[in-house]
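Thank you all for coming.

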Amino acid sequence: SQFPDQDRAVLLNLLKSCRKPKDLCNARQIHAFVVKKKLLLKDIFIATALLSAYAKCGDLTKAHQIFNQIQDRNVVTWTSLIDGYVRHGQADEALKCFRLMQHEGISPNVVTYICILKACSSLGTLELGKDIHVEIRKQGLMKRGGDIALGNTLVDMYVKCGSLDNAREVFEDLYGRDVVSWNVLLTGYVNQGLGIEVLKYFVRMQDEGILPDKVTYLCVLKACGIIRSLQIGEEIDAEVRKQGLFQ
């Protein structure tokens with residue numbers, strides 16, 4: 001019998017709310033219901049949402065079991081599994097899945113690329129990160145008006161793999177930079193002990209009308225420590241207090 005659309009929408013929302021290990025019990029209860037109603041093989045959206053719930057909750061064995069039961073796997077199915085592996089520190093497994101996905105002829109989407117770039121960051125695999133960047137360019141995903149989250153993740157990958165020149169290059173080409181874009185680059189410079197660069201970009205950021213947040217101020221205060229500038233440090237301290245960020 002047909003499963004009502006209204007019930008289906010409720011089920012999908014319940015599965016979306018399972019995001020952390022503490023929600024695993026709920027995911028299992030929903031899974032039992034899905035099996036009872038024989039929805040796993042009938043409805044790819046419910047099957048993928050269930051797989052995603054297990055992956056986010058950290059039960060990757062169960063997520064992979066469900067993945068293997070889905071016959072018409074699509075980019076969302078693959079990305080849900082890849083995201084689970086990245087999220088729970090299994091970047092190697094994420095890369096294996098990514099290669100299998102491409103071998104099956106499934107084209108990655110923006111979310112897939114974000115996950116894989118995070119895996120490259122975890123493993124410090126700069127060369128693979130560069131290969132992924134080439135793929136992203138070929139698909140035109142970073143052109144004017146492109147996805148800012150993808151751009152920020154790309155900058156972050158280069159920062160974490162220790163290639164600040166590449167990070168800066170991507171950053172300068174980013175359209176619609178937000179506070180996260182600036183923070184990623186500032187963090188890279190501060191971690192390399194380049195305090196002057198941090199302060200230069202901090203001034204530029206403000207000139208471009210981007211409001212600093214806690215992460216920005218933390219980077220700038222560390223930069224003041226690196227270059228031993230008490231005066232700038234005190235000015236930043238006053239600004240932080242004025243904005244009530246100590247609360």
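Let me begin with what covers the buried residues of α1, which includes α2 and α3 (44–57). A few terms need their cut-offs: buried means under 20% relative accessible area, exposed means over 50%, and partly exposed is in between, using a 1.4 Å probe and protein chains only. When I say that residues touch, or that one covers another, I mean a contact, with heavy atoms within 4.5 Å. The helices are DSSP runs of H or I with at least four residues, strands are runs of E with at least two, and both are numbered from the N terminus.

Please keep in mind that this is a predicted model, in which local features need pLDDT of at least 70 and side-chain atom pairs count only at pLDDT 80 or more, while totals for chains, interfaces and linings use all residues. Residues are numbered from 1 along each chain as its sequence is written, and side-chain values use heavy atoms, with hydrogens and water left out.

Which residues of α1 are buried? They are L11, L12 and L15, and, seen down the axis of α1, the buried residues fall within an arc of 95 degrees, taken from the directions from the helix axis to the C-beta atoms, so they line one face of the helix. On the other side of α1, Q6 and K16 are exposed.

Turning to α2, its buried residues are L24, A27, I30, H31 and V34. They cover an arc of only 120 degrees around the axis, which puts them on the same side of α2. The face turned away from that buried side carries the exposed residues Q29 and K36, whereas the cover over the buried residues of α2 includes α1, α3 and α4 (60–69). Just after α2, K38 takes a positive phi of about 55 degrees.

Finally, between α1 (5–16) and α2 (24–36) there is a loop, and R19 lies in it. Is R19 buried or exposed? R19 counts as exposed, because its relative accessibility is 51%. Even so, R19 touches K56 and C57, if we leave out residues up to four places away in sequence, and its side chain reaches the backbone oxygen of K16 at 3.3 Å.

Note on methods:
Polar contact = N/O pair within 3.5 Å; in protein donor to acceptor, adjacent residues only side chain to side chain.
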